[in-house]
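Below is a short report on one protein model.

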Amino acid sequence: MNRLYERITLTVCAIALSAIALHVVVVPHSAEAASRAPIEELTVKRLRVVDASGVVRLLLSGKPQPEGMIDGKVLSNPGEPRSRAGLLFYNEHGDEQGGISFEGSDGHQSANLSFDAWHQDQALEIQHGDNSSQSDSYIAGNDLPKASIVKTSPLVLEALKKASTQDERNAVFKELRAKGLYRNRRFVLGEINHVSQLGLSDDQGRARIRLTVTPQGDAAIEFLDTEGKVVKTVSPANG
């Protein structure tokens, strides 16, 4: 009787140990296989990608994108509020350093890819916009202030409050550039207002030379003074 009991006990233990071993071997592999199964569709409003330290490095966002962040401070946009969707890039400190944004409705659309200077705005930008009357596409490079945009942005916003027309805003930007508080465009290459062009500017953002080709095919090289007036034109007719 005792021998029969011992055999039954040993048999039960062997079965139990086999089941445990099978669970240890099969379940992890099953879980791993399940974790690798493709997700056919994922619907989110925002998706944050972090690095090993937990800092957000990429942000895929529907409309609207969040405002810029530098040194942990949210920046107010001196232009229109961010009403676009896109992808934002962040550096190791969590500061925004560029991104992709796009929008479109009611017969117009626009998109851009930009890379920001340290603690500043767009240093390199690729822009496109179109509507029923025109389509502009260009690449531009800018010099940015060395001061943080955290300090310069409030000054820009305050100055723009006093301007009510585009001419007044242009005058404000000119004054801000002279003070080193706003970006200076150094070059632009693309099609703007139906004209193919390459423009080069000095370190104060003043256009000094411009190569243009009109829709009719008229080509010219224009030299400009510090006030933006064309002082010399070279074309096939007078070249």
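P64 is partly exposed, with a relative accessible area of 42%. Partly exposed covers the range between buried, under 20% relative accessible area, and exposed, over 50%, with a 1.4 Å probe and protein chains only. The model is predicted: local features need pLDDT of at least 70, side-chain atom pairs count only at pLDDT 80 or more, and totals for chains, interfaces and linings use all residues. Residues are numbered from 1 along each chain as its sequence is written, and side-chain values use heavy atoms, leaving out hydrogens and water.

**Two loop residues**

P64 sits in the loop between β2 (56-61) and β3 (69-70). Strands are DSSP E runs of at least two residues, helices are H or I runs of at least four, and both are numbered from the N terminus.

S148 lies in the loop between β9 (135-143) and α2. S148 counts as buried because its relative accessibility is 14%. A polar atom of the S148 side chain is 3.1 Å from the backbone nitrogen of V150.

The table lists contacts (heavy atoms within 4.5 Å). Neighbours within four places in sequence are left aside for P64 and for S148.

| Residue | Relative accessible area | Contacts |
|---|---|---|
| P64 | 42% | R46, R82, S83 and R84 |
| S148 | 14% | I70, H119 and Q120 |

**The helix pair**

How do α2 and α3 cross? The axes of α2 (residues 149-160) and α3 (residues 166-178) come within 10 Å and cross at roughly 145°. Axes are lines fitted to C-alpha atoms over the stretch in contact, and angles run from 0 to 180 degrees between N-to-C directions. The crossing of α2 past α3 is right-handed. Right-handed means that the near helix is turned clockwise from the far one by less than a right angle. From α2, the contact uses V156, A159 and L160; from α3, it uses R169, V172, F173 and L176. Six of these residues are nonpolar, none is polar and one is charged. Ala, Val, Leu and Phe are among the nonpolar types, and Arg is among the charged ones.

**The whole protein**

The protein has three helices and 14 strands. Of its 239 residues, 26% are buried. Among contacts between residues at least 6 apart in sequence, 32% join residues at least 24 apart. The accessible surface is about 16,200 Å², and carbon and sulfur atoms hold 58% of it. Areas come from the Shrake-Rupley method with a 1.4 Å probe.

Definitions and conventions:
A polar contact is a pair of N or O atoms within 3.5 Å; within protein, one must be able to donate a hydrogen and the other to accept it, and residues adjacent in sequence count only if both atoms are side-chain atoms.
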